[in-house]
Amino acid sequence: MAGQTKIVIVGGGPGGYVAAIRASQLGADVTLVEKNRLGGTCLNIGCIPTKAILHSAEAIDAAKHMADLGINVEVKGIDWKKVIAKKVSITNTLVGGVQGLLKMGKVKVIEGEATFTSKDAMEVTKKDGSKEKLTWDKLILATGSIPSTPPIPGVKDNPCCVDSTGALSFETLPKTLVVVGGGVIGIELASAYAMFGTKVTVVEALPRLLLPMDGELTDQLRKIMEKSGIAIYTDAKVAAVEKAGNEAKVIVDYKGKKESFTAEKVLVAVGRRTNVASLNLAKAGIAEVKGHITVNEKQETNVKNIYAIGDCSSKLMLAHVAMVQGEIAAENALGGNEKYDAKTSPACVYAEQEFAGVGMTEEQVKEAKIPYLVGKFPLSGNGKALITNGGVGTVKYLIGKEYHELLGVHILGARATDLIGECALCIGMEGTVEDIIATIHSHPTITEAVREGALASLGRCIHMPNKKR
């Protein structure tokens with residue numbers, strides 16, 4: 001249609017497809033280029049398939065403990081092919097949903113790989129080998145990230161070593177698994193496979209797991225994982241991986257000595273890196289630092305009319321960050337004035353117990369030298385949590401000492417990733433702990449623990465003894 005703004009989006013993951021839908025809603029003529037599958041890492045080989053496998057693992061773990069609830073069931077085993085088939089079915093359903101939404105929005109989808117030929121044009125190499133030239137009024141880059149491969153001797157050549165993608169598609173359930181990396185991906189998959197009955201060992205080079213998360217609650221999670229049978233080694237650097245028959249031997253420098261762990265499979269989960277190599281950014285003059293495309297708070301690059309969103313530009317490689325940035329870029333490309341604000345972005349870990357946080361950790365508050373108060377409420381004091389998981393976990397508040405503004409909230413336990421949304425909203429509204437307290441939380445729910453944690457930060461906790469203020 002004459003007069004429509006022509007928008008090209010490169011990358012059909014959470015950021016890209018959301019940007020495409022929003023741009024379409026705003027009346028743009030939208031073309032989306034995706035070289036693999038719509039939905040990107042998140043829907044196909046990341047967030048969704050991981051949680052599908054974790055859900056199956058939680059189900060069998062729950063079945064093993066049904067006797068505690070007075071229910072006698074017999075677990076006859078695991079049909080691994082059905083577990084994987086369920087994961088694939090859920091992924092395909094969601095990808096099909098994205099395809100339908102783009103079709104309804106009249107978004108043109110091109111399957112192929114795009115590369116800059118100038119700052120004003122790209123060439124797309126399609127799957128059939130043909131090429132198509134693309135120009136635009138506005139361009140949004142949303143090419144995401146890929147797993148990092150560390151320079152550990154023996155990793156690349158060992159068929160037992162896999163990245164997160166491979167760990168989601170094992171042909172059979174491994175009896176033993178070594179996880180190299182104690183970040184979100186490593187911890188989530190370690191938790192899942194441990195619940196399936198795999199003997200799991202986690203090796204992390206840093207002093208603790210999940211470094212960006214609150215340290216106190218991370219230590220609690222570690223104890224929970226170790227109690228469930230997962231062996232965890234921190235301050236342990238992998239020196240090499242060797243072949244050991246049909247297995248792999250992971251050699252680790254630990255406390256000044258060489259330790260070795262042999263397993264059927266080795267998951268190498270040491271982080272992700274931006275997926276920008278094929279774009280040829282230099283051809284367009286787009287600035288980047290260590291592979292991260294440089295953007296401002298409006299998601300604009302240094303080149304006029306070109307935006308970048310999600311993992312390819314953000315240090316927070318999270319699907320929900322990419323989605324929000326996709327909306328912001330689409331809005332701004334069509335005349336808006338939206339800005340990305342990271343302070344309301346939660347971090348979530350789907351481990352044996354869910355773990356979520358928003359705002360600052362206690363370590364960050366101390367480093368910033370902000371006077372603060374801490375409020376903690378153990379979930380053992382919440383009726384619904386006792387019913388759900390035996391009351392395992394904690395709600396922790398960090399608030400400003402003078403004005404009681406929320407600096408950070410961190411939750412470990414059942415439904416933590418759902419509960420954190422209320423706290424993110426409060427931080428975004430620059431609310432105080434009194435705003436949480438003034439909100440009536442229904443009973444019996446785990447959300448009551450969110451309010452009790454808020455009360456605890458002021459020494460007013462009802463269902464647990466208070467520390468003197």
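**Ground rules.** I am working with a predicted model, in which local features need pLDDT of at least 70 and side-chain atom pairs count only at pLDDT 80 or more, while totals for chains, interfaces and linings use all residues. Residues are numbered from 1 along each chain as its sequence is written, and side-chain values use heavy atoms, with hydrogens and water left out.

**Entry 1, the sheet.** I looked up the strand order and found five strands in an open sheet, β8-β15-β9-β10-β11, with parallel pairing; strands here are DSSP runs of E with at least two residues, helices are runs of H or I with at least four, and both are numbered from the N terminus. Two strands count as paired if DSSP finds at least two bridges between them. β8 (161–162) and β11 (231–233) stand at the edges with a single partner strand each, so one side of each has no neighbour in the sheet. I then noted that helix α6 (residues 184–196) packs on the sheet and touches β9 (176–180), β10 and β15 (265–268), its direction making about 165° with that of β10; axes are lines fitted to C-alpha atoms, for helices over the stretch in contact, and angles between N-to-C directions run from 0 to 180 degrees.

β10 (residues 199–203) pairs with β11 in the parallel sense over three bridges, and threonine 201 has alanine 231 in β11 as its bridge partner. β9 and β10 also run parallel, joined by five bridges, and I found threonine 176 opposite lysine 199 in β10. Is β9 buried or exposed? Five of the five residues of β9 are buried, so the strand is largely enclosed by the rest of the structure; buried means under 20% relative accessible area, exposed over 50%, and partly exposed in between, with a 1.4 Å probe and protein chains only. Thr176, Val178 and Val180 point one way from β9, whereas Leu177 and Val179 point the other way.

I located valine 349 in strand β20 (residues 347–350), where it is buried at a relative accessible area of 0%. Leaving aside neighbours within four places in sequence, its contacts (heavy atoms within 4.5 Å) include Val184, Ile187 and Glu188, as well as Thr417. Valine 349 and alanine 416 are 67 residues apart in sequence, yet 9.1 Å apart in space, C-alpha to C-alpha.

Lysine 51 is in helix α3 and counts as partly exposed at 24% relative accessibility.

Threonine 91 has its place in helix α4 (residues 80–104) and is buried, with a relative accessible area of 4%. Its contacts, apart from neighbours within four places in sequence, are Arg37, Leu43, Asn44, Ile48 and Pro49.

Serine 345, in the loop between α9 (319–333) and β20, counts as buried at 17% relative accessibility. Not counting residues up to four places away in sequence, serine 345 touches several residues, among them Leu316, His320 and Tyr340.

I found valine 73 in the loop between α3 (47–64) and α4, partly exposed at a relative accessible area of 47%.
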